[in-house]
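Have a look at it first, then read on.

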Amino acid sequence: MNACKVRSFLDLKDHAMQIPSPSTGYNEFLLNGQFCEAKQTSSQNPMLFQFHCQSCFLVQLPDIIHSSYVIVEFDNGSRWMLDFCMFAEGSKNLREIFVAKKPHVIHFRSPNLYPEGIAYDPSARHFIVGSLHHRTLHSVSDDGVIETLISDPSLPPNTTILGLAVDILNNRLLAAIHSDPPLPPFNALAAYDLRSRQRLFLSLLSSPPSDDNLRPVANAVTVDFKGNAYVTNSLGYPEGNFIWKVNPDGEASIFSRSPVYTQFPVDRDAPHSYCGLNGIAYASKGYLLVVQSNTGKLFKVDAHDGTAQNVLLSEDLPLADGIAIRRDGVVLVVSHEKLWFLKSDDSWGEGVVYDKTDLDVEKFATSVVVGREERAYVIYGSVLEGLTGKGGREWFGIEEVRSEKDGEDEKTWVYVLIGLGLAYFLIWRFQMKQLVKNMDKRTN
């Protein structure tokens with residue numbers, strides 16, 4: 001039986017009271033000057049409550065309750081409201097029940113995991129996360145149950161698993177692999193069969209030498225409908241802004257190295273200035289959307305020839321990291337500070353940030369993914385802590401992030417539908433009234 005809180009509001013003959021509930025399980029509220037309790041009486045029916053008075057003497061209650069509602073809040077985040085209306089003569093419903101939910105929050109425990117990337121497998125209905133310190137990939141359920149999905153000890157020791165993507169059509173999991181000093185440079189894309197959980201290939205991602213002696217970083221990955229994978233190199237100075245392409249057979253090449261990536265100035269003294277191209281997502285119309293961390297820019301890349309153009313946005317996206325696209329075309333971009341909601345009316349020649357939400361900076365969000373029911377989730381992997389070598393953390397999180405503007409749009413459509421329904425009802429009522437009058441005339 002879930003613990004719950006009950007909050008009550010009663011309108012008793014022009015006398016209104018609102019009493020908070022400080023406890024769980026039992027809840028006190030004031031009814032016409034008398035303290036009462038609400039106790040959940042059935043685990044099978046979560047809405048069945050027994051309301052009774054604490055005092056042993058009788059108090060005459062009013063014979064009319066104008067209106068009242070009871071809000072029931074459960075520990076799992078669900079919220080129910082039972083609404084009573086006694087004075088709406090001719091209304092359809094005397095009482096109504098509403099259900100709402102808080103944003104979904106998942107906590108999972110895996111010592112020293114520090115996941116940077118996240119993907120969602122719609123077939124298995126679970127999230128998949130990697131690790132900065134382990135050569136393993138893990139599934140995370142909606143309830144926070146974590147299991148080792150794939151363990152690949154054949155990878156070089158102490159390699160890091162960064163970006164992840166699920167190839168739905170081919171039932172594959174793609175993972176960007178990278179090694180940090182003092183290990184030798186190593187960048188690769190690993191492909192795993194989600195049924196057998198066996199590795200299909202490991203494609204080495206080669207790159208030209210850098211004048212700054214900075215190592216390339218295979219960071220984010222996405223996949224198109226043909227099974228081609230695209231991996232960003234996040235070495236952010238001019239030599240490093242490019243995208244690899246890996247075909248379904250595991251053959252890798254440098255796909256896009258547009259001069260557009262280097263046309264914007266970079267403050268090399270700023271934090272994370274070395275990080276260039278980062279999150280990448282494939283759009284169904286045949287192009288890629290790529291964010292650049294050290295400039296805050298968004299690029300549209302042709303998936304056929306690799307040509308790129310800067311997307312004109314209403315504002316920059318500083319330190320942008322991960323990116324995802326919803327089915328309705330809304331683009332989600334995450335940094336460790338914010339989640340931006342973007343949309344475009346011209347297939348991303350231009351775009352606008354229509355909403356943004358502040359995130360928990362200390363938890364250091366790095367990736368965003370679209371989960372069930374088109375919900376946006378960010379991974380809180382405390383990656384900065386893991387990179388600095390502090391280590392020791394056991395708990396990590398995946399949290400749903402909502403746009404208030406999306407909720408406003410839904411409310412607008414509800415109001416529109418209600419208005420249309422009301423208009424239809426009034427027209428029907430007027431027609432019926434005219435019909436009755438005509439019938440009366442014929443009868444007379």
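**Notes on charged residues**

1. Glu400 comes out as buried, at 9% relative accessibility. Keep in mind that this is a predicted model. The partner of Glu400 is Arg375: the two form a salt bridge, with the closest N and O atoms 4.0 Å apart. Arg375 sits in the loop between strand S31 (365-370) and strand S32 (376-380), while Glu400 is in strand S33 (residues 395-401), so the pair ties together parts 25 residues apart in sequence. Arg375 is partly exposed, at 23%.

2. The salt-bridge count comes to 16.

3. Arg326 and Asp328 make another salt bridge, with 2.8 Å between the closest N and O atoms. Here Arg326 is buried at 11% relative accessibility, whereas Asp328 is exposed at 52%.

4. Lys363 and Asp360 also meet in a salt bridge, at 4.0 Å from N to O. Lys363 is partly exposed at 30%, and Asp360 is partly exposed at 31%.

5. Now for a buried charge without a salt bridge: which side chain of opposite charge is nearest to Asp193? That would be Arg195, 5.0 Å away. The Asp193 side chain does reach the backbone nitrogen of Arg195, at 2.7 Å. Asp193 belongs to strand S16 (residues 187-193), and leaving aside residues up to four places away in sequence, Asp193 touches Asn171, Gln198 and Leu200.

Terms used
Residues numbered from 1 in each chain as written. Predicted model: local features only at pLDDT ≥ 70, side-chain atom pairs only at ≥ 80, totals over all residues. Heavy atoms only, no water. Helix = DSSP H or I, 4+ residues; strand = E, 2+ residues; numbered from the N terminus. Buried < 20%, exposed > 50% of the residue type's maximum accessible area, 1.4 Å probe, protein only. Lys, Arg positive; Asp, Glu negative; His and termini not counted. Polar contact = N/O pair within 3.5 Å; in protein donor to acceptor, adjacent residues only side chain to side chain. Contact = heavy atoms within 4.5 Å.
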